[in-house]
Amino acid sequence: MCGIVGYIGKRDVVSVLLKGLTNLEYRGYDSAGMALQDCGEIKIYKTLGKLVNLKNELENKKSELKHPSSGIGHIRWATHGSPSLVNAHPHTCSCGKLVVVHNGIIENYKELREELIKKGCVFRSQTDTETIAHLVADEYANTKNLEEAVRNSVKKLQGAYAVCVIHKDAPDIIVGARKHAPMLVGIGDGENFIASDTPAIIEYTKRTIYLDDNEIAVISQNSVKVTDINGHEVIKKVETLPWEPVALSKLGFKHFMLKEIYEQSDVIRNLLNGKLYDIDECVKLDEVKIDKEILKNLNKIEIIACGTSLHAALAGKYIIEDFAGISVEVEASSEYIYRKTTTNASTLVIGVSQSGETADTITAIKQAKAKNSHVLIITNRPDSNMARLADSLIPVNAGIEVSVAATKSYTAQLISFYLLAIHLAEIKGSMEKSYLKNIKHELIQLPSKIEEILSNTSNIKECARKYSSYKNFIYIARGINLATAYEGALKLKEISYINATGYPAGELKHGPIAMLDETMPVLSILMPGGITYEKVLSNSEEAKARNAKLIALTSSDDKNIDALFDVVIRIPKISEILSPALTCVPLQLLAYYIAEFLGKDVDQPRNLAKSVTVE
């Protein structure tokens, strides 16, 4: 996660940019910087660490400034290249006339970088963003038009980007473009703004345009123009931002839940940052205090959790056993605390909780600590009660989750289990390095694949409309996606009040099959590449023979699936072991759209609370 703000107008440009960056500081604080158009010159200021360092630097250098008319600012959470002054944004082309700030990840930057080096470009940083600067500069040399240069450049980019560009020879405009990363334009009177989030501009204007994927904005002091990637002008709706802080944080989404679903790609990027620097390097979990000696003495792992976190724990069982070869038990905290357990000093106990304040899990953790177990906590609140009890900690860094139905915190918990399992495998040497390298590569690609799902939800929305009137649902899966089936069913129950149940697909014929008829939709999760695909397909055929309505969630392009299922929801291809991080997203959206069609209170479903602090 990074923060971007740009401004052109008559105000004090430095003050506007600093205020905007201050309001975006939650998005990153590895470094900060800004570039200013100042009387025919581009002036760049960058500092390491928190924003206060940039403020102090600008205070010290204010005598250098004459009368800045526009500028772009950035706060960084490092992705490509470690936090350093040379890797901090903004980045420039070789001659320094063109400046770029960027949020997102460019997946093909290495290939582009090689091509640009052959053309004579000199790279200074390890970032993917610098590639954009050289690329746009190369195009600008041919077109002498900044808007056209940005348009031609972004067509070559693969991945996610929200990018702002200024050029010394085009001092009257700022050009912005986005794909799979948020960007908005703030409209003022004789001034305009561009930013990655509304807090950056809300102090100055309430009139906003939200850019969509593959759109380019050109802002000047008195105008805003938006075009698509082919140069056709797009007429955008100007929206008025409310002043209420709670409403503001929805960022234009109808519900917090939908906003939080869409935040998941950035949540994963944020969680991977600082932990997975490079696929050739070991995963770095600074707050996990498990070494070879502790691992050698472990005889099992116990994971305890409640609700959605319990489903993440179930997926964690499959992941850890597969990667580390250690026996894992999963149990609801509410059951764990009322039975005689075999937990001891040779047990690693993992507690999972979004809030870190779940009463049953806290009690269970205290019981485990009393038996001298090493306790590891996975939570969204590193300042919580549970975190303070921990011997080891993985903060999931999902940000505040307002909607009662957990979405982004669930995905963050899943990613935490992947990182932990890789970490254990690397300590133990239980997996081939080449296999772990491939898994890390796919983990880095996950945010873009989630954004691919979120960029086209029409099929999911239509499925929701088709089945919103049904009173019962069954979700089936095998293996690691059994957790996804449970979680998908829970989401539907929580916010639509439809009776939905997850089952192991092989158990369908051991009782639940009696419920099947034309009034019972069955959603099958079948991911190719594993040993369970054909089995789930066979179980689905059994349901079809009983006249059940069939929905498939798959990455397979097998045409036989289209013939068997009434609706097919396809996701990008991914290894089966990593697929729960993708399969959960369409099921969150399906539950959301069904609840919305039914007119339910999506964010505050009846009888539920965000944090369960009583047993």
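Glu 147 is buried, because its relative accessibility is 11% and buried means under 20% relative accessible area, exposed over 50%, partly exposed in between (1.4 Å probe, protein chains only). Before I go on, the ground rules. This is a predicted model, where local features need pLDDT of at least 70, side-chain atom pairs count only at pLDDT 80 or more, and totals for chains, interfaces and linings use all residues. Residues are numbered from 1 along each chain as its sequence is written, and side-chain values use heavy atoms, with hydrogens and water left out.

Back to Glu 147. Its side chain meets that of Lys 225 in a salt bridge, at 3.0 Å from N to O. The term means a side-chain nitrogen of Lys or Arg within 4 Å of a carboxyl oxygen of Asp or Glu. This pair links distant parts of the chain: Glu 147 sits in helix H5 (residues 146-154), Lys 225 in strand E13 (residues 224-228), and 78 residues separate them. Helices (H or I, at least four residues) and strands (E, at least two) are DSSP runs, numbered from the N terminus. What about the partner? Lys 225 counts as partly exposed, because its relative accessibility is 32%.

The structure holds 34 salt bridges. Here is another. Glu 329 pairs with Lys 300, their closest N and O atoms 3.8 Å apart. Glu 329 lies in strand E16 (residues 328-332) and Lys 300 in strand E15 (residues 300-305), so this pair ties together parts 29 residues apart in sequence. Glu 329 is partly exposed, at 35% relative accessible area. Lys 300 counts as buried, at 8%.

Now a local one. Lys 491 and Glu 494 form a salt bridge with closest N and O atoms 2.9 Å apart. Both lie in helix H17 (residues 482-496), three residues apart, about one turn of the helix.

Next, the strands. How many residues of strand E18 (residues 374-379) are buried? Six of its six. In a regular strand the side chains alternate between the two faces of the sheet. In E18 both faces are covered: His 374, Leu 376 and Ile 378 are buried on one side, Val 375, Ile 377 and Thr 379 on the other.

E18 has neighbours. Six bridges join it to strand E17 (residues 347-353), and the two run parallel. Two strands pair if DSSP finds at least two bridges between them. The chain gets from E17 to E18 through helix H12 (residues 359-370), and this β-α-β crossover is right-handed. That means that, with the strands pointing away from the viewer, the path from the first strand over the helix to the second runs clockwise. E18 also pairs with strand E19 (residues 392-395), again parallel, over four bridges. Look at Thr 379. It stands opposite Ser 353 of E17, and opposite Pro 395 in E19.

Last, the second largest pocket. Its volume is about 780 Å³. Of the 27 residues that line it, the closest to its centre are His 80, Tyr 109, Lys 110, Tyr 277 and Ile 444. A pocket here is an open set of points on a 1 Å grid over the protein atoms alone, where a 1.4 Å probe fits, with protein on both sides within 12 Å along at least five of seven lines; lining residues have an atom within 4 Å of a point. Volume is the space filled by probe spheres set on the points, joined across faces, edges and corners. Which helix gives the most to the lining? H15, with five residues.
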